[in-house]
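Work through the exercises below with the model open beside you. Each task is followed by a stepwise solution.

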Amino acid sequence: MNINLKINAVERISSEGEHCAFTDLIENPFDNSRKSLLCCYRRALNHISPDGVVIVCKENIDSGAKTYQRLALPSWDLRDPKFCFDGRKLIITAYAKHKDANTGAVTTKMVSYFSTTGDSWSTPHFFGHSGWWLWRITWNKDKAYGFAYNRKSQRIDLYVGNPRKQLYLQKKGAISFEKHSFGYPNESHILFDDTDKATAIVRRDADSFSAKLGVSSPPYTNWKWHDLKQYVGGPVMLSLTENTYVVAGRNWDGKSLTTAIWLLSSTDYSLKLLMTLPSKGDNSYPGLVWQDDTLYVSYYSDHIDNKTRVYLATLSGMNSLLNEVKQG
């Protein structure tokens, strides 16, 4: 396969902060001109410090002009914000972690904020179960779906509902070490096609460390899993054709960690490296937006001055990639 993707620009978009990381990206659903992107990320002292806040950056694609908003919960660490859009409201979900100063007891919850303009956000709403991390939510037919993981349990459970209200258990142990012998499944992304078939990619951090690709049909209580023979951290994907996907995430080549983009086939379960973005060290957790021939990728990295910053990469060549995939 000819690799047609080309990096046109890589721009730092994070505001000042010691550690800016864990991104997501969406085309602004309230901008009919399709000329603005929204990127959310965590800003804190370091990777695990308890002071995380969510920053939302709105960037004009043509001018590069940026505005910033800050979502914070005093005494709570907000981690790994993600966007989802229900057709009317744009929602940010994040993992909220609180440590009691007196007892040292740790409480975790999921938290959501919503916006109807992209310029201001609601008060926080807590949902989910303590200790379970609902990683990324996808809407389909007026319902939100997402996998939650728990390290001690070594499994992911499928939840369905509304992050502005509550999500409910749909399938316990969609992947579990107990049932499948797949160690520590965690971060994930689910996509739905026009027939309501679900396709999911799941990161793992045990035994072979290889990601899994899963498929399921309504009511999504029976999943079939395939090994991708490749580690993928913080996975996110978009559908290119019925059976091919563009995947982005953290890559490990045996020597170093980088942020990579792959082409995934759901027919032979192959994952072909398309591109490595400028990155090293503490990096990855990307977001993807596809517009015409352009692929926008948000991610973070410390490859410049060992400072952890958020970047927006602008790539061209999606039309050529799509044509090549269609031609086989």
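**Exercise 1. List the residues that line the largest cavity, then sort the lining by class.**

Step 1. The lining of the largest cavity consists of M110, F127, G128, H129, W132, L134, A148, Y159, Q166 and L167. On a 1 Å grid over the protein atoms alone, a cavity is a set of points where a 1.4 Å probe fits but cannot get out, and a lining residue has an atom within 4 Å of a point.

Step 2. Note the source. This is a predicted model: local features need pLDDT of at least 70, side-chain atom pairs count only at pLDDT 80 or more, and totals for chains, interfaces and linings use all residues. Residues are numbered from 1 along each chain as its sequence is written, and side-chain values use heavy atoms, with hydrogens and water left out.

Step 3. Sort by class. The lining of the largest cavity splits into 7 nonpolar, 3 polar and no charged residues. Ala, Val, Leu, Ile, Met, Phe, Trp, Tyr, Cys and Pro count as nonpolar, Asp, Glu, Lys and Arg as charged, and the others, Gly among them, as polar.

Step 4. The largest cavity holds about 60 Å³ of space. A volume is the space filled by probe spheres set on the grid points, which are joined across faces, edges and corners.

**Exercise 2. Describe the second largest cavity by volume and lining.**

Step 1. Its volume is about 30 Å³.

Step 2. I13, L25, L37, C39, C57, E59 and L312 line the second largest cavity. Strands β3 (36-44) and β4 (53-60) are the elements that give two or more residues to this lining. Strands here are DSSP runs (E, at least two residues), numbered from the N terminus.

Step 3. By class, this lining has 6 nonpolar, no polar and 1 charged residue.

**Exercise 3. Locate the centre of the largest pocket and name the elements around it.**

Step 1. Start with the volume of the largest pocket: about 720 Å³. A pocket is an open set of points with protein on both sides within 12 Å along at least five of seven lines.

Step 2. Of the 30 lining residues, T138, H189, L191, M237 and L238 are the closest to it.

Step 3. Two or more lining residues come from each of β2 (19-27), β6 (77-85), β11 (138-140), β15 (185-192), β19 (233-239) and β23 (284-291).

Step 4. By class, the lining has 17 nonpolar, 6 polar and 7 charged residues.

**Exercise 4. Is V236 buried or exposed?**

Step 1. V236 sits in strand β19.

Step 2. V236 is buried, because its relative accessible area is 4% and buried means under 20%.

Step 3. Leaving aside neighbours within four places in sequence, V236 contacts R136, H189, V246, V247, A248, P286, G287 and L288. Contact means heavy atoms within 4.5 Å.

**Exercise 5. Which parts of the chain does the aromatic pair of Y95 and W133 tie together?**

Step 1. Check the geometry. Y95 and W133 are stacked, at 3.7 Å centre to centre and 5 degrees between the planes. Rings of Phe, Tyr and Trp (its six-membered ring) pair if their centres lie within 6.5 Å, and planes under 30 degrees apart count as stacked.

Step 2. Y95 lies in strand β7 (residues 90-99) and W133 in strand β10 (residues 133-134), so the pair ties together parts 38 residues apart in sequence.

Step 3. Y95 is buried at 7% relative accessible area, and W133 is buried at 14%.

Conventions. Helices (H or I, at least four residues) and strands (E, at least two) are DSSP runs, numbered from the N terminus. Buried means under 20% relative accessible area, exposed over 50%, partly exposed in between (1.4 Å probe, protein chains only). Rings of Phe, Tyr and Trp (its six-membered ring) pair if their centres lie within 6.5 Å; planes under 30 degrees apart count as stacked, over 60 as edge-to-face and the rest as tilted.
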